[in-house]
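Q: I'd like to learn how to read a few features of a protein model from its atoms. Could you take me through them one by one?

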Amino acid sequence: MPLKRSDFSLKIDRAAGKIMAVLAWLSGLIVVAIAAGLFIKSLPILKSQSLGTLLFSSSWFPLRGQFGFLPFIMGSLWVTGTAMLLAVPLCLLTAIYLAEYAPRLVREGVRPLIDLLAGIPSVVYGLWGILVVVPWVQQAAKWFNAATTGYCVLSAAIVLAVMIFPVIIHMTVEILRAVPWEYREASLSLGATHWQTTKKVVLRKAFPGILAAVVLGLARAFGETMAVLMVAGNVAHSPASVWDPAYPLPALIANNYGEMMSIPLYDSAMMLGCLILLGIVLVFNILAKLVLMKAQKALQ
Amino acid sequence: MDKRRLEEAVMKGLMAASTALILAVLLLILLTIFIRGAKAMSWSMITQTPQGGFYLGKEGGILNAIVGSFYLATGSTGLAFLLAVPVVLYLNVFCRRGCRTAAVIRFLLDVLWGVPSIVFGAFGFILMLTVGLKASLLGGIVTVALLVLPIMCRAMDEVVRMVPSELLESSYAVGATRFQTAVKVVLRQSSGGILTAVLIAFGRGIGDAASVLFTAGFSDQIPQSLMRPAATLPLAIFFQIGTPFPQVQERAYAAALILTAIVLAASLLSRRLSRRWSRHSIR
Amino acid sequence: MNQHHISVENLNVYYGDEHSLQDVSINLPDRQIIAVIGPSGCGKTTFLKSLNRMVELVEGVRVTGKVLVDGEDIYAPFAEVTHIRRKMGLLSQTPRPLPMSIYDNVAYGPRVHGLKNRRKLDEIVEFRLRQVGLWDEVKDRLSCPASQISIGQQQRLCLARGLAVEPEIILADEPTSALDPVSSRRIEECFLELKKDYTIVIVTHILRQARRLADYAAFFYCGQLVEHGPAAQMFETPTQQKTLEYIKGVIS
């Protein structure tokens with residue numbers, strides 16, 4: 001009976017809908033599960049000492065049960081901050097060039113190349129850092145009368161900067177190209193030069209979106225592990241200059257998974273480290289997303 | 001008047017210079033990896049497992065890591081695919097356009113995308129502790145599957161969203177259910193894009209090191225079962241560059257060359273495919 | 001010989017392979033309103049934009065021929081494009097206030113040309129806003145974002161912004177098509193007031209608007225300039241069959 005058959009397929013449809021809904025929510029809630037899992041695992045250490053001590057003490061002696069995360073947080077801030085200082089001006093200049101100035105052929109040729117940069121695995125960046133950046137930084141330090149092994153904040157920052165180029169450039173170009181053409185026309189028709197138009201009209205219009213792109217790049221840099229681990233030097237002490245070694249938070253976690261289970265509270269401290277990292281990165285990401293959603297609405 | 005033109009020229013020069021600089025860096029990276037890797041490459045490098053321990057032994061190659069990486073990336077891409085297809089179909093066919101649920105799930109997936117891979121590693125590690133699993137191929141596959149899931153969902157979502165609603169409606173009009181429409185019309189219409197998404201996820205999965213550090217472990221052998229630890233190319237680079245022996249470091253260079261080549265090939269192929277397939281689908 | 005503000009000689013515009021303006025030659029009379037009419041896609045807008053080299057901003061465009069503004073060929077190899085554009089105010093279809101305050105919108109042009117004196121800027125802003133009849137409506141909120149005023153006011157603001165660089169010519173591309181009837185009338189009144197001092201070229205697809213405003217008219221069809229002449233004459237007794245058909249509404 002045809003009626004029955006369609007009845008059957010309706011049942012399938014309903015069942016499939018339900019299963020798919022469950023799967024969709026499960027996938028969406030993975031991020032919540034991650035946060036919850038890390039939180040539960042870091043409870044032991046949170047119970048044993050105050051969060052203030054953990055975050056702002058710089059004595060890191062796991063065997064004595066002292067877990068001050070400050071050197072690692074400072075390490076992360078130094079490395080990420082320096083990387084942003086290097087990356088942001090270069091990225092903005094390049095993005096503006098590609099979106100506003102470059103002839104179509106150049107734009108269509110260069111953008112995929114920059115996207116290619118995004119696909120390179122982070123260990124490969126780390127390897128490049130060891131082979132090229134570290135020796136180069138060691139040489140450069142001599143001009144500044146600084147002593148360094150080359151495994152330092154600056155090397156890590158250079159590698160990180162290169163890694164976030166594609167993130168920031170890709171998004172900034174998209175945002176600039178979403179600024180309606182008529183704004184440029186209006187400004188140019190008043191006799192403004194191309195650069196005046198870009199600076200005073202296009203960039204102003206695109207500013208929130210560009211900010212979001214930069215923050216996304218920042219979040220990416222903050223959470224990056226392997227490349228940084230390979231070139232930052234990893235000394236548990238807050239750096240005082242870009243020539244000092246740093247021990248960023250992700251590097252700490254990656255480096256100590258081996259002993260994690262053999263020292264009391266150590267595993268819990270590592271998980272807390274992950275939680276702090278996750279918290280910071282998610283705040284950046286969500287902020288950027290919200291700004292971006294607003295910016296896109298404003299552009300339409 | 002002149003000042004304006006000077007500013008224009010200076011800025012344009014700076015922009016062109018920074019674009020050139022970034023391209024030069026890209027070139028430098030690729031050249032470094034390919035030249036250094038090519039020197040280290042030999043037949044035994046890709047046909048043998050390391051002899052006498054991957055950290056100390058000076059003989060042998062990186063077959064363990066090549067095979068391990070393929071197992072791991074294929075397994076995790078497959079697992080993520082099984083999850084991503086229903087999720088994306090749900091978001092685009094079962095949810096109405098502009099519905100809240102879909103927006104929330106998309107947002108959560110985007111947030112998941114931003115989670116650093118080391119955190120995925122730690123989470124995978126917690127999961128494995130909970131079920132009593134040791135560092136193994138299976139643990140690595142599950143963790144990397146979670147890592148590539150948001151990437152795959154997002155890439156698929158982008159193509160499936162492009163399926164015109166008229167197409168869905170014409171399928172409903174002949175009495176097809178949403179499920180039938182999803183499987184028979186939507187999947188077929190966006191098959192090219194889905195393949196692209198799979199390739200993108202594969203490239204990401206095979207290159208990630210921080211997430212497999214805790215979960216897949218490392219081994220000199222080619223894994224014989226899902227429960228055994230497996231070597232991977234990224235970790236082969238990471239561990240073997242850290243040894244004091246130049247002969248062992250050669251293996252890291254070779255692994256970097258192979259890994260980069262695989263990732264670039266996946267990326268280029270996905271670009272190609274997305275262009276070719278988009279010609280065949282109805283707009 | 002009486003020199004014209006704008007005279008166009010053998011102008012051709014190609015978009016890639018498409019020949020969108022074919023051998024157009026016309027002298028535009030000074031201090032009149034010139035209506036450019038024709039069905040959509042006939043090259044009206046391309047013609048307008050080639051008068052201030054805005055057409056070149058599109059990728060893959062090629063222009064041949066001459067456009068003489070005050071006797072100077074703007075397509076000459078060493079012509080200073082920003083200087084040329086300054087002579088011409090452009091009013092687009094939908095008003096595009098720049099992302100800044102009302103005051104800064106009007107002051108934008110003078111500022112990019114290097115004027116910094118605040119008192120002079122104040123004078124310019126007030127004068128231009130009065131000129132378009134907007135001053136009384138916005139004088140209390142000059143520092144508000146320009147996006148907050150109504151769309152009709154925005155279009156008059158854009159006109160004031162264009163006037164602030166002291167152009168000799170106003171180019172308007174269907175300036176009322178996004179506006180309500182009342183706002184449209186305000187713009188039209190502005191034009192009638194302004195033609196004492198300016199040459200105004202207006203592209204429009206509304207024939208009645210062309211009749212109301214124009215002193216001179218040019219009819220384009222399929223990239224060709226079919227007919228041009230004093231408006232009254234062209235609307236009453238067109239010489240070309242195509243023009244007649246368009247005016248009667250046979251082709252649109």
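Q: Which residue lies over the face of Tyr183(A)?
A: A charge counts as sitting over a ring if NZ of Lys or CZ of Arg is within 6 Å of the ring centre and within 35 degrees of the ring normal. Here Arg96(C) lies over the face of Tyr183(A), 5.4 Å from the ring centre. In chain C, the charged end of Arg62(C) sits over the ring of Tyr14(C), at 4.4 Å from its centre. This is a predicted model, where local features need pLDDT of at least 70 and side-chain atom pairs count only at pLDDT 80 or more, while totals for chains, interfaces and linings use all residues. Residues are numbered from 1 along each chain as its sequence is written, chains are lettered from A and ligands numbered from 1 in the order in which they are written, and side-chain values use heavy atoms, with hydrogens and water left out.

Q: How many aromatic pairs are there over all chains?
A: A pair of aromatic rings is described by the distance of the centres and the angle of the planes. Rings of Phe, Tyr and Trp (its six-membered ring) pair if their centres lie within 6.5 Å; planes under 30 degrees apart count as stacked, over 60 as edge-to-face and the rest as tilted. The whole structure has 17 such pairs over all chains. The planes of Phe69(A) and Phe72(A) are at 70° with ring centres 6.4 Å apart, so this pair is edge-to-face. Both Phe69(A) and Phe72(A) are buried (under 20% relative accessible area; exposed is over 50%, partly exposed in between, with a 1.4 Å probe and protein chains only).

Q: What about Tyr90(B) and Phe94(B): stacked or edge-to-face?
A: Their centres are 6.3 Å apart and their planes at 15°, so the pair is stacked. Both Tyr90(B) and Phe94(B) are buried.

Q: Which residues do ring pairs link into a cluster?
A: The cluster joins Trp60(A), Phe67(A), Phe69(A), Phe72(A), Tyr247(A) and Tyr266(A).

Q: What share of chain C is buried?
A: Buried residues make up 55% of its 252 residues. The C-alpha atoms of chain C fill a box of roughly 55 × 45 × 40 Å, taken along the principal axes. Chain C has 10 helices and 10 strands (DSSP runs numbered from the N terminus: helices are H or I, at least four residues, and strands E, at least two).
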